[in-house]
Amino acid sequence: MSKTLSFLDKSFWITESDDNPKHVGCLQLLEMPEGAKSPEYVPAIYNEIKGFAKGTSPFNCVVKTVLGYPVGLSPVKHLNMDYHVQLHHIDDVSNRQNLDDFVAQLHAARLDPDKPLWQYHFIFDTNSNTYAIYAKVHHMYGDGATLVRWFQSCYVSASNNSEFTPIWAVKRLRHKRNDSPSFYKRLVSVGSAIKTGFDLLVILIRIFLKLLRVNPHYMPVPFSGTKTVLTGQVEAGRVVTTTDIDFKRVKALARRTRASANEILLCAFDIGVHRLLQDHGQVFKKALFTNMPINLRKPGEKTTGNKIAIVPVQLAHGDQDPYLRLRQIIINHRIVKHAAMRARPASFSGYTIVIQSLALVFEWLKISNLVKPIANILVSNIPGPRDTRYLKDSKLLACYPISTMTPGGGVNITLMTYAGVANVGIVCCNKNISTLKPLAGYVQEAFEMLEACIDNPRLRITDIGEHEESVPVSIVSEH
């Protein structure tokens, strides 16, 4: 029996190309148990896990199509484990830059559309006591929250050398098929659809009024982002970098500044990306924009598939005081959050589909270089386990999510909180940039600067390539 897909799920299949694959990845760093030898330990665990050749839904499913249009997921009898689970030997797993570069090559390759849409790559060397697993799963199987929940179910809270069941073989509860809805329920659904359509219309009208400068305090107008060397037509090839931020420090700073952890991180990422772009000779007369994913699930909801909206948020511009830049981001971020709270979740999802569909059309026509992007950065935060986890007797050291590219390019920054640390995965297209490693350092410096500026109001950001339009000086100006 095939599994049904939502339109958002299907969109990741319809819009996929060799230049812009629609899978998400996760780089996991693991520490072997004391006394284990890498040349023996990793191949042994690889062979054990490779032996799980019978998968469960959706990992045992291929996409069922009609004239190229996906209509559902259909199970297969056998998995080709030589394709799905692979072993790679590299010179030095502890060399983070080399590991990131190797993972970038794996991440750039498209999953075989004729097979179940996932892969598991073991990466090891012959010297260190650490190894890595890079897993990638097609986005149509689920969003970040779904995939992290699945991965968490495979790892245990204490070292245990007993048999390990990988993510593709874990049995999941099947939802009972609902009876045919009654006339009353159908009527309620129609009413809900009408209300959703009305909310979507209100969103579009308010966006149009903002375009006319009648309603300035609302969400940004789509396709008003800033063109940079990172935006434009997405092409084949990726660069990846990873870094860590102490999430306890992030939360402590958020409390001191009356901000959210996401707003603190947005400010650090904004400053970091500005510095990276300045390295490439780019200066700006307006703010950069971020795409903000919004989880549309209710508290405690554990549905599969994709239930998210992605809307643009304006970042900061024109202030060299880190704290004042943070206040700008707080205001802009909360304008969008307020708009989201006033609309039905389905209408925000519909708004996402409208603007992202336009971006996908531009990408399909290969004209993304000619139009402004929706945003320059996509930042998403995925809550992970709070305690240390283990794969059998291997300790999970870190787990870096690596996402797909949005139409129109930019840099995609995804972080997962694990055991009090934010593991940050950053990816972008490599057509104009050969490395993202400086960005990891810039983000760290920006966060430390945000911490320091609270007690030192004189602290200023060095020039990050921002220019302001000349305006008459007010008689009340402090300058």
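1. Buried here means under 20% relative accessible area, exposed means over 50%, and partly exposed is in between, with a 1.4 Å probe and protein chains only. By that rule, 15 of the 19 residues of α8 are buried, so α8 is largely enclosed by the rest of the structure. Helices (H or I, at least four residues) and strands (E, at least two) are DSSP runs, numbered from the N terminus.

2. On the basis of the note: this is a predicted model, in which local features need pLDDT of at least 70 and side-chain atom pairs count only at pLDDT 80 or more, while totals for chains, interfaces and linings use all residues. Residues are numbered from 1 along each chain as its sequence is written, and side-chain values use heavy atoms, with hydrogens and water left out.

3. Helix α8 has 19 residues and runs 27 Å from its first C-alpha to its last, close to the 27 Å expected at 1.5 Å a residue; the expected span is 1.5 Å times one less than the number of residues. Just after α8, Gly281 has a positive phi of about 75°.

4. Two packed helices are described by the angle between their axes and the distance between the axes. For α8 (residues 261–279) and α9 (residues 322–341), the axes come within 9 Å and cross at roughly 120°. Axes are lines fitted to C-alpha atoms, for helices over the stretch in contact, and angles run from 0 to 180 degrees between N-to-C directions. Contact means heavy atoms within 4.5 Å. On the α8 side the contact residues include Leu266, Cys267 and His274, and on the α9 side they include Leu326, Ile330 and Arg334. By class, the contact has 8 nonpolar, 2 polar and 4 charged residues. Ala, Val, Leu, Ile, Met, Phe, Trp, Tyr, Cys and Pro count as nonpolar, Asp, Glu, Lys and Arg as charged, and the others, Gly among them, as polar.

5. Cysteines: the whole structure has 0 disulfides, a disulfide being a pair of cysteine sulfur atoms within 2.5 Å. For Cys453, the nearest cysteine sulfur is that of Cys267, 8.0 Å away. Cys453 is buried at 5% relative accessibility, and Cys26 is buried at 9%.

6. Asn291 lies in strand β8 (residues 289–295) and is buried at 3% relative accessibility. Beyond neighbours within four places in sequence, its contacts include Ile310, Gln356, Leu378 and Thr406.

7. Asp463, in the segment after α11 (437–453), is partly exposed at 47%. Leaving aside neighbours within four places in sequence, Asp463 is in contact with Gln278 and Gln320. Asp463 and Gln320 are 143 residues apart in sequence, yet 7.7 Å apart from C-alpha to C-alpha.

8. Most residues other than glycine have a negative phi, and most peptide bonds are trans. Arg213, in the loop between α6 (183–211) and β7 (238–246), has a positive phi of about 65° and is exposed at 76%. Arg258, in the loop between α7 (247–257) and α8, has a positive phi of about 55° and is exposed at 65%. The peptide bond from Ser57 to Pro58 is cis, with omega near 0°.
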